[in-house]
Amino acid sequence: MSAISCDMVVVGAGIAGFSAAVRAAEMGAAVVLLDKSAGPLGDGNTLMTSGSFRAGGRNPRSQPSELYQSVMAEGVAYPDLVKGWAENCGHAVEWLVHCGVTLSEPTPGRIWLEPGSAICFAPVYKKDVGTRALAALKARFEQFGGRYRNNLKAVRLIHEHNHICGVIALKGNEIVEFRGASTILSTGGFSANKEMVRRYIGKNADQCKLRGSKRCTGDGLRMALEVGAKAVNLQYFYGHLPSRKALTDDRFWPYPRLDSFVDEGMLVDRNGNRFVDEGRGDVAVANELARSTDVTGATLIFNHATWEGAKDAAQDSNSKTPAPNPWLSDNDGALYCHKSIAGLAEAIGINSENLAATLGQYNRALQSNTSGLLAVPRTGKARPLRAPFYGLRVVPGITFTMGGVLVNGRCQF
Ligand SMILES: Cc1cc2nc3c(=O)[nH]c(=O)nc-3n(C[C@H](O)[C@H](O)[C@H](O)COP(=O)(O)OP(=O)(O)OC[C@H]3O[C@@H](n4cnc5c(N)ncnc54)[C@H](O)[C@@H]3O)c2cc1C
């Protein structure tokens with residue numbers, strides 16, 4: 001066994017770990033940053049990001065009080081942590097720029113990591129959005145004497161006299177002990193850990209598509225729980241509804257996203273029945289479907305106007321993500337179209353009487369402004385669906401898990 005001493009050990013080299021490591025090195029600490037991947041810049045979700053900079057869905061340069069109130073209004077957040085976060089969002093953006101991370105702001109308040117080339121269909125992580133940001137942070141880290149060590153998998157926190165004194169890591173079979181006054185866990189979420197996904201999200205949720213890095217296996221969460229940390233909000237994830245083809249064909253994830261199909265369409269189960277309020281948006285709908293008994297059995301029904309509206313704009317900007325139309329139809333994306341709802345049901349293999357009845361009730365309720373009274377209410381901006389009808393089998397895609405170790409405003413547990 002070998003042992004390394006430093007002031008701070010950071011575990012996980014995504015944007016969270018690099019940011020913590022660089023800032024501590026700037027302040028004069030001797031920092032070691034570990035990553036279990038062989039990559040020079042980790043191998044987490046940061047390398048797959050589209051680079052949109054939002055703070056709770058808002059401009060991160062918004063007033064801290066506005067950020068605080070909007071996140072607290074969701075009803076699940078912790079005041080101390082949200083306060084610390086809200087007060088630092090704007091500073092963090094300026095600090096990243098100071099570190100050499102290049103951002104663009106094509107419209108006021110919409111900040112993006114500057115891509116070097118257009119975002120494309122899978123594998124989008126080969127593109128250079130997050131990669132360029134991490135490369136800039138790594139250069140600054142090394143400039144301040146930071147040490148980056150890859151192929152080192154942290155497995156256990158060193159817990160002595162009621163203090164965390166570092167971490168035990170494995171380099172192949174070799175045990176390496178890293179000791180430091182502070183230890184930062186920034187290993188991403190647990191989206192790639194099927195057992196944790198089943199335990200915390202839903203008992204069939206391991207059938208969801210992993211729409212992110214395979215490295216996010218919940219190691220930090222597990223290590224923290226082992227030393228007595230408390231975890232919260234583990235049931236929520238951020239994700240979307242990709243075509244079900246994404247389960248077997250990597251070209252169908254992480255893009256295109258089908259948000260507008262959810263906003264304007266109707267989601268039914270294998271029997272042709274609605275089971276969720278589509279008006280809550282595709283992230284909430286993906287969460288609900290992931291918790292259902294038939295995770296892979298849902299179909300989105302929408303009409304021609306929605307399909308036409310989902311085309312790539314001619315003047316695409318680099319940061320824009322790819323659109324569904326015509327990608328899905330050009331690439332056998334499990335998209336069906338029929339002039340009658342019975343014909344569509346038959347093509348997809350859904351009970352046609354049920355589907356026709358569901359559609360009838362849905363359209364009547366929308367026409368009479370009573371969609372809130374449906375057995376499964378329909379909120380949002382839906383309109384009655386008219387022929388020709390489109391159907392697309394979908395699956396929840398987990399981009400990253402939301403909850404984690406309960407920390408205070410200084411990220412301590
Ligand atoms: C397709 C896609 C698009 C996205 N688009 C956006 C977007 O537009 N805007 C946005 O804000 N977010 C977006 N995200 C989410 C965003 O990328 C992540 O939230 C963010 O990058 C997470 O950073 P992180 O540092 O926490 O984790 P990660 O970048 O996942 O890094 C975790 C690191 O920890 C390492 N690690 C794990 N376990 C261990 C261990 N035991 N020992 C050592 N190392 C370990 C991994 O190898 C990895 O390098 C997107 C994500 C995906 C997948």
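In this predicted model, 70% of the contacts with a separation of 6 or more are made by residues 24 or more positions apart. The protein contains 12 helices and 20 strands. For 413 residues, a compact globule would have a radius of gyration near 22 Å, and the 23 Å of the protein therefore agrees with that expectation. Along the principal axes, the C-alpha atoms occupy a box of roughly 70 × 45 × 40 Å. Of the 413 residues, 43% count as buried.

**Domains and cores**

The domain assignment gives domain 1 (2-192) and domain 2 (238-399). Taken over C-alpha atoms, the centres of domain 1 and domain 2 are separated by 35 Å.

The largest nonpolar core holds 95 residues, and the members that touch the most other members are Val9, Val10, Ala21, Val31, Leu33, Leu34 and Leu300. Helix α1 gives the most to this core, with 7 residues. Both domain 1 (2-192) and domain 2 (238-399) contribute at least three residues each to this core. Val10 shows how contacts are made in this region: leaving aside neighbours within four places in sequence, Val10 is in contact with Gly17, Ala20, Ala21, Val31, Leu33, Ile184 and Ser186. There is also a second, separate core of 7 residues, including Leu67, Tyr68, Val71 and Trp85.

**Ligand shell**

Around the ligand there are 35 residues, of which Gly12, Gly14, Gly42, Gly44 and Gly188 come nearest. The shell divides into 10 nonpolar, 18 polar and 7 charged residues. At least two shell residues are supplied by each of α1 (15-26), β8 (153-160) and β19 (397-401). The largest share, 3 residues, comes from α1.

Gly188, one of the residues that come nearest to the ligand, lies in the loop between β11 (182-185) and α5 (194-200). Is Gly188 buried or exposed? Gly188 counts as buried because 27 C-beta neighbours lie inside 10 Å, where 20 or more are required. Beyond its neighbours within four places in sequence, Gly188 is in contact with Gly12, Gly14, Gly44, Asn45, Ser213, Arg215, Cys216 and Phe400. Among these contacts, Gly12, Gly14 and Gly44 are also listed with the residues that come nearest to the ligand. Gly188 and Thr46 are 142 residues apart in sequence, but their C-alpha atoms are 9.3 Å apart in space.

**Cys89**

Cys89 is placed in helix α3 (residues 79-98). With 19 C-beta neighbours inside 10 Å, Cys89 counts as partly exposed, because a buried residue needs 20 or more. Leaving aside neighbours within four places in sequence, Cys89 is in contact with Ala55, Pro60 and Leu67. Of these contacts, Leu67 is also a member of the second core. Cys89 and Asn59 are 30 residues apart in sequence, with 9.2 Å from C-alpha to C-alpha.

**Backbone geometry**

Most residues other than glycine have a negative phi, and most peptide bonds are trans. The table lists places in the model that depart from this pattern.

| Site | Feature | Value |
|---|---|---|
| Asn325 to Pro326 | cis peptide bond | omega near 10 degrees |
| Ala387 to Pro388 | cis peptide bond | omega about 0 degrees |
| His161 | positive phi | near 50 degrees |
| Asp332 | positive phi | about 55 degrees |

Pro326 lies in the loop between α9 (304-309) and α10 (327-330). Pro388 is found in the loop between α12 (352-367) and β18 (389-393). His161 is in the loop between β8 and β9 (163-171), and β8 is one of the elements that supply at least two residues of the ligand shell. Asp332 belongs to the loop between α10 and β17 (335-338).

Why does His161 count as exposed? His161 has 5 other C-beta atoms within 10 Å, and a residue is exposed if there are 12 or fewer. Asp332 is likewise exposed, because 12 other C-beta atoms lie within 10 Å.

Methods:
Residues numbered from 1 in each chain as written. Predicted model: local features only at pLDDT ≥ 70, side-chain atom pairs only at ≥ 80, totals over all residues. Helix = DSSP H or I, 4+ residues; strand = E, 2+ residues; numbered from the N terminus. Rg over C-alpha atoms; globule rule 2.2 N^0.38 Å. Contact = placed C-beta atoms within 7 Å. Near = placed C-beta within 6 Å. Nonpolar A, V, L, I, M, F, W, Y, C, P; charged D, E, K, R; others polar. Core = buried A, V, L, I, M, F, W, Y, C linked by C-beta atoms within 7 Å. Domains from an automatic or database assignment.
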